[in-house]
Amino acid sequence: MQGKRCKICGGQVQKFDSKVCSHCEADLQENFLEVKNFLQDNPGSGAAFIADETGIDEKFIVYMIDEKWLERDTSGARKKCSGCGKPIASGQFCPQCAVGVTSSLERARKALMDEQKKQMTVYTRDTTKK
């Protein structure tokens with residue numbers, strides 16, 4: 001069985017609760033401080049510009065935005081909610097659609113678990129002597 005892949009480099013993720021490999025995780029912590037300091041001096045800069053000026057791979061910056069470590073400037077937002085198309089600062093869904101997606105997934109999970117319970121077969125052994 002293949003494990004999870006790193007959202008940044010595509011390498012193998014070792015930690016169950018992580019989205020990135022240990023190498024990228026260490027780089028993220030270091031890069032975040034540099035990006036944060038850069039944005040304090042250059043607010044509203046785009047990911048490509050930040051990458052060019054700092055030398056940090058743009059994949060790290062995009063990951064920071066997608067995981068809400070950083071917020072996009074929505075005044076000229078190009079990122080849109082995958083559900084309704086509204087401009088969003090970060091992530092994939094606006095808050096309203098995120099709630100809807102979460103509840104839909106929860107209903108589907110419960111339905112799947114109910115179906116699996118129905119399909120379970122329990123075998124018992126008769127231990128009484130005849």
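Is the crossing of H2 and H3 left-handed or right-handed? The crossing of H2 and H3 is right-handed; a crossing is left-handed if the near helix is turned anticlockwise from the far one by less than a right angle, and right-handed if clockwise. The model is predicted: local features need pLDDT of at least 70, side-chain atom pairs count only at pLDDT 80 or more, and totals for chains, interfaces and linings use all residues. Residues are numbered from 1 along each chain as its sequence is written, and side-chain values use heavy atoms, with hydrogens and water left out.

Helices are DSSP runs (H or I, at least four residues), numbered from the N terminus. H1 covers residues 22-41 and H2 covers residues 47-54. H1 has 20 residues. From first C-alpha to last, H1 reaches 30 Å, close to the expected 28 Å. That expected span is 1.5 Å times one less than the number of residues. Buried residues (under 20% relative accessible area, 1.4 Å probe, protein chains only) in H1 are Cys24, Leu28, Asn31, Val35 and Phe38. Their cover includes H2 and helix H3 (58-66).

Axes are lines fitted to C-alpha atoms, for helices over the stretch in contact, and angles run from 0 to 180 degrees between N-to-C directions. The axes of H1 and H2 come within 11 Å and cross at roughly 110°. H1 is therefore roughly perpendicular to H2 (65 to 115 degrees). Contact means heavy atoms within 4.5 Å. Glu34, Val35, Phe38 and Leu39 of H1 meet Phe49, Ile50, Glu53 and Thr54 of H2. By class, this contact has 5 nonpolar, 1 polar and 2 charged residues. Nonpolar covers Ala, Val, Leu, Ile, Met, Phe, Trp, Tyr, Cys and Pro; charged covers Asp, Glu, Lys and Arg; the others, Gly among them, are polar.

The axes of H1 and H3 come within 10 Å and cross at roughly 80°. H1 and H3 are therefore roughly perpendicular to each other. In H1, Cys24, Asp27, Leu28, Asn31, Phe32 and Val35 take part; in H3, Phe60, Ile61, Tyr63 and Met64 do. The class count is 8 nonpolar, 1 polar and 1 charged.

The axes of H2 and H3 come within 9 Å and cross at roughly 135°. These two helices are therefore oblique to each other; oblique is the class left after roughly parallel (under 35 degrees), roughly antiparallel (over 145) and roughly perpendicular. Ala47, Ala48, Ile50 and Ala51 of H2 touch Glu58, Ile61, Val62 and Ile65 of H3. This contact has 7 nonpolar, no polar and 1 charged residues.

Definitions and conventions. Buried < 20%, exposed > 50% of the residue type's maximum accessible area, 1.4 Å probe, protein only.
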